[in-house]
Amino acid sequence: MTEANGNQSAATHDALENLLQENRQFPPSPEFAAAAVARPGIYEEAAADRPAFWAKQARELLSWERDFETALDWSDPPFAKWFSGGTLNAAYNALDRHVENGLGDRVAIHFEGEPGDTRSYTYAQLTEEVKKAANAFESLGVSKGDRVAVYLPMIPEAVITMLACARIGAVHSVVFGGFSAEALRSRIEDAEAKLVVTADGTFRRGKPSALKPAVDAALAEDGHTVSSVVVVRRNNEPVDWTAGRDKWWDETVGSASAEHTAVAHDAEHPLFILYTSGTTGKPKGILHTTGGYLTQCAYTHRAVFDLKPETDVFWCTADIGWVTGHSYVTYAPLINGATQLMYEGTPDSPHQGRWWELVQKYKVSILYTAPTAIRTMMKWGEDIPARYDLSSLRVLGSVGEPINPEAWMWYRRVIGGDKAPIVDTWWQTETGAHMIAPLPGITATKPGSAQVPVPGIAVDIVDETGAPVPNGHGGYLVIREPWPAMLRGIWGDPQRFKDTYWSRFEGMYFAGDGAKKDDDGDIWLLGRVDDVMNVSGHRLSTTEIESALVSHPAVAEAAVVGAADETTGEAVVAFVILRGSAAEQPQEEITAELREHVGKEIGPIAKPRRILIVPELPKTRSGKIMRRLLKDIAEGREAGDATTLADNTVMTQIANSLKG
Ligand code: 6R9
């Protein structure tokens, strides 16, 4: 996005207008609104005094050992301090206090393994496990402030480990189990971790899949700081063993005492580091602290999902290795005393109805997942979810990328029975918790739009110069005021923190996303700014064109990139996966039809220069399309580093299909 809004061309304006013709709206039903957690007036209350609003949430939703004196200290921007003077323990808030309040018998986690094994933990049982793990980690020399690397599958021990660290005041650094040994090594090194918690492995599509060998490889060379590795037995595959360093979880944690007193830590005590890839260079260790982070996680979990902890069964499908798994699996649901489902495996194992079978079995009432999953399910066909009773679902969430109106409508109709509100939640690893999302019960939702800032959050869309754009226009998404769950920095690199987020616009946090305001002032996310193309001086969004392509019945999935072009600056190149019988049609015919379709949906300027029919799209393990690799193909280069792909054969598959 290089154009200022001020000189935005007429054609781009028309393109925005076209997407904004998506004007369906779904107001909450009167029954839903009447019983909703979020009350009308909440926006006004929050806007009147943001720090006071968050202070109120902090006191209502968390138990403090010592109350804080100041809500927000912003005397040294961009380094914020929230709830200074206050002390609390995250694990105590997630566990012990619920037991003390008589909720010990409530189920905290229903776990379902991929092979079908199940375990449930009540709050009392989970508290006991976390106390044992805290004692075990302390016996291995871990103390307050030490870093612990966590390399685990989606099993309860992942949550137990994170909370045991929080209990001690150790800082967890979870590394997604799908990352390579190399990625793990660099993260262990950067954080100087003392302990690694891992498992022998997990299960993937019915087969054992190893984890421990990657830890062994990451620690093969001397010079690291790790003194112990605790290994959970999960798939019982044989593993190499380093005597003195490696300990089995069931022996070490299993034999530890279940008595452990949580010590309160400062509100700004580091809770975790989570690495996220920047556009270039080494991953950034995003640092989150305790009081503010927990406050915003707990508040948004209640307000945005309309959570009723007594009756709801919450299911967030994200892996613990991503921020969504941190905030909406480990922290928010437990802080709020809710019951949640945790599932280890893939959605199509052993069959494509597995998720819906789980929703039926556990009577899941709130489902939180990603558009890429929804589109995959669409591809598999709606007869699959139709076989299950999904009537327990009452709120549906979306996160991770813009959701195109077609996927949104399918989600609502096929999964939500045409009545469950959809909340499209925009946020980032850096923001820690939801920042833009409708409030079910208040907001009339719009397919494809995240719509409104969360109460107490000051989001804006600005032009090149930092001036707010008027309704009906696009620009850069920024956050104007500090927020409780904001990152407190990049681990070990304060300068990079300032440069990356605070240098583009004076006094504002730059999120790196493009967005626009519709005529009502509602926000539509347009994707990362680096995914926005400039064609003949006209600004075009990859997301808009993808959305147009996917709205054609022949298209299952689409990814769009801007390829460098001598004449027009960039040209639109689309990669498309066809649906069902369309794959049998002659390619020229279908691509011509799709070009026309995009022309019709957005405007002639948006018509892809080339449309390439491919069998798969390159995606990261969190489901984000790696447009950089597609850009390489579109520009006739050898594709670059593909090590973070979920499936590393995809690039070869694409190359072969384009040759053929
Ligand atoms: C939570 C998470 C952050 C980036 C963010 C944006 C994209 C996330 C979105 C969305 C449109 C949404 N993103 N949610 N785009 N609509 N509802 O995904 O964090 O992995 O750090 O990614 O994801 O581009 O900047 P993270």
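In the predicted model, seven strands form an open sheet of mixed pairing, in the order β5-β4-β17-β16-β18-β19-β20. Its edges are β5 (118-122) and β20, each of which pairs on one side only. On average, neighbouring strands of this sheet are turned by 20 degrees against each other, direction ignored. Within the sheet, β16 (residues 313-316) and β18 (residues 366-369) run parallel and are joined by 3 bridges. F314 has I366 of β18 as its bridge partner. Helix α12 (residues 323-335) lies across β4 (107-112), β16, β17 (339-343), β18 and β19 (395-399), and runs at about 160 degrees to β16.

The unreviewed UniProt entry lists a "binding site" whose residues include T425 and W427, along with G400, E401, P402 and D424. T425 belongs to strand β20 (residues 422-425), whereas W427 is placed in the loop between β20 and β21 (459-462). T425 has a relative accessibility of 2% and therefore counts as buried, the cut-off being under 20%. W427 is likewise buried, because its relative accessible area is 8%.

Beyond neighbours within four places in sequence, T425 is in contact with V304, Y368, S398, V399, H434, I436 and A437. Polar contacts link both residues to Y368: the side chain of T425 meets the side chain of Y368 at 2.6 Å, and the side chains of W427 and Y368 are joined at 3.0 Å.

Notes: Residues numbered from 1 in each chain as written. Predicted model: local features only at pLDDT ≥ 70, side-chain atom pairs only at ≥ 80, totals over all residues. Heavy atoms only, no water. UniProt positions renumbered as here; feature names shortened; annotations may be inferred. Helix = DSSP H or I, 4+ residues; strand = E, 2+ residues; numbered from the N terminus. Buried < 20%, exposed > 50% of the residue type's maximum accessible area, 1.4 Å probe, protein only. Contact = heavy atoms within 4.5 Å. Polar contact = N/O pair within 3.5 Å; in protein donor to acceptor, adjacent residues only side chain to side chain. Pairing = 2+ DSSP bridges. Axes fitted to C-alpha atoms, helices over the stretch in contact; angles between N-to-C directions.
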